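This report covers a pocket, a nonpolar core and a handful of individual residues. Have the coordinates open while reading.

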Amino acid sequence: MANQPRPKSPETDGNYALDDQIGFVLRKVSQRHTAIFATAFGNDLTAPQWATLAKLYETGPTSQNQLGRLVALDAATIKGVVDRLGTRGYIETSPDPDDARRVRVALTETGRKEAERGFPIAAAITEETMSPLDATQRAQLIALLKALS
């Protein structure tokens, strides 16, 4: 009984296929990308840690809350990432000069060097993830995904 297909429902009219659903496809692509990332960076950095270093390199010092928004991490998660990167000497925190209630986050020189070391690795990860697509398809995919985010 467990192996029998479910009867078609009026809601799907038999046209629903999991393999064609955006969430399922995005999850599969994300899993593939995560595996590529883990192989490339190993135990050096997690994806959220890398995103944090790269964004700080790009934007310069910023508040911890703003940094979380920039890398799409909630307040509790960015705090943990900041703490771990701080322990490793990649970033430093200080009270924001404009509002002492806010925490200001900045790269250290070690963090700047780590980000610079990581840029070619991250580019290779993107290249491998996108390798099934030609240049036009890659640009279209990024544009479409940005439209959804």
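Two residues are in contact when heavy atoms lie within 4.5 Å. By that rule, and not counting residues up to four places away in sequence, Arg 138 touches Glu 127, Met 130, Ser 131 and Leu 133. The model is a predicted one. Arg 138 belongs to helix H6.

**The largest pocket**

The largest pocket has a volume of about 1400 Å³. Helix H1 (22-41), helix H2 (47-59), helix H5 (109-130) and helix H6 (135-148) are the elements that give two or more residues to its lining. The lining has 31 residues. His 33, Thr 126, Thr 129, Ile 142 and Leu 145 lie nearest the pocket centre. By class, 23 lining residues are nonpolar, four are polar and four are charged.

**Helix H1**

H1 gives two or more residues to the pocket lining. What span should H1 have, and what do its end C-alpha atoms show? H1 has 20 residues, and at 1.5 Å a residue it should span 28 Å. Its end C-alpha atoms are 28 Å apart, so the two values agree.

The buried residues of H1 are Phe 24, Ile 36, Phe 37 and Phe 41. They pack against H2 and H5. After H1 comes Gly 42, with a positive phi near 60 degrees.

**The nonpolar core**

Which residues of the largest nonpolar core touch the most other members? They are Phe 41, Leu 45, Trp 50, Leu 53, Leu 85 and Ile 91, out of 21 residues in this core. The elements that give two or more residues to the core are H1, H2, helix H4 (75-87), E3 and H5. Phe 41 is also one of the buried residues of H1.

Ile 91 lies in strand E2 (residues 91-96). Is Ile 91 buried or exposed? Its relative accessibility is 5%, so Ile 91 counts as buried. Leaving out residues up to four places away in sequence, Ile 91 touches Leu 53, Leu 56, Val 82, Leu 85, Gly 86, Val 105, Ala 106, Leu 107 and Thr 108. Ile 91 and Thr 52 are 39 residues apart in sequence, with C-alpha atoms 9.7 Å apart in space.

Thr 52 is found in helix H2. Its relative accessible area is 0%, so Thr 52 is buried. Residues up to four places away in sequence aside, Thr 52 touches Leu 67, Val 71, Leu 73, Ile 78, Val 81 and Leu 85.

Gln 49 also lies in helix H2. At 7% relative accessibility, Gln 49 is under the 20% limit and therefore counts as buried. Apart from residues up to four places away in sequence, Gln 49 touches Asp 44, Val 81, Arg 84, Leu 85 and Arg 88. Val 81 and Leu 85 are among the contacts of Thr 52 and among those of Gln 49.

**Exposed and partly exposed sites**

Ala 72 sits in the loop between helix H3 (64-70) and H4. Its phi is positive, about 60 degrees, although Ala 72 is not a glycine. Ala 72 counts as exposed, because its relative accessibility is 71%.

Ala 100 is part of strand E3 (residues 99-107). With 67% relative accessibility, Ala 100 counts as exposed. Ala 100 and Leu 73 are 27 residues apart along the chain, and their C-alpha atoms are separated by 22 Å.

Pro 61 is in the loop between H2 and strand E1 (62-63). Its relative accessibility is 46%, so Pro 61 counts as partly exposed. Neighbours within four places in sequence aside, Pro 61 is in contact with Arg 104, Val 105 and Ala 106.

**Accessibility summary**

| Residue | Relative accessibility | Class |
|---|---|---|
| Thr 52 | 0% | buried |
| Ile 91 | 5% | buried |
| Gln 49 | 7% | buried |
| Pro 61 | 46% | partly exposed |
| Ala 100 | 67% | exposed |
| Ala 72 | 71% | exposed |

How values were computed:
Residues are numbered from 1 along each chain as its sequence is written. This is a predicted model: local features need pLDDT of at least 70, side-chain atom pairs count only at pLDDT 80 or more; totals for chains, interfaces and linings use all residues. Side-chain values use heavy atoms; hydrogens and water are left out. Helices (H or I, at least four residues) and strands (E, at least two) are DSSP runs, numbered from the N terminus. Buried means under 20% relative accessible area, exposed over 50%, partly exposed in between (1.4 Å probe, protein chains only). On a 1 Å grid over the protein atoms alone, a cavity is a set of points where a 1.4 Å probe fits but cannot get out, and a pocket is an open set with protein on both sides within 12 Å along at least five of seven lines; lining residues have an atom within 4 Å of a point. Grid points are joined across faces, edges and corners, and a volume is the space filled by probe spheres set on the points. Ala, Val, Leu, Ile, Met, Phe, Trp, Tyr, Cys and Pro count as nonpolar, Asp, Glu, Lys and Arg as charged, and the others, Gly among them, as polar. The expected span of a helix is 1.5 Å times one less than its number of residues. A nonpolar core is a set of buried Ala, Val, Leu, Ile, Met, Phe, Trp, Tyr and Cys residues joined through side-chain atoms within 4.5 Å.
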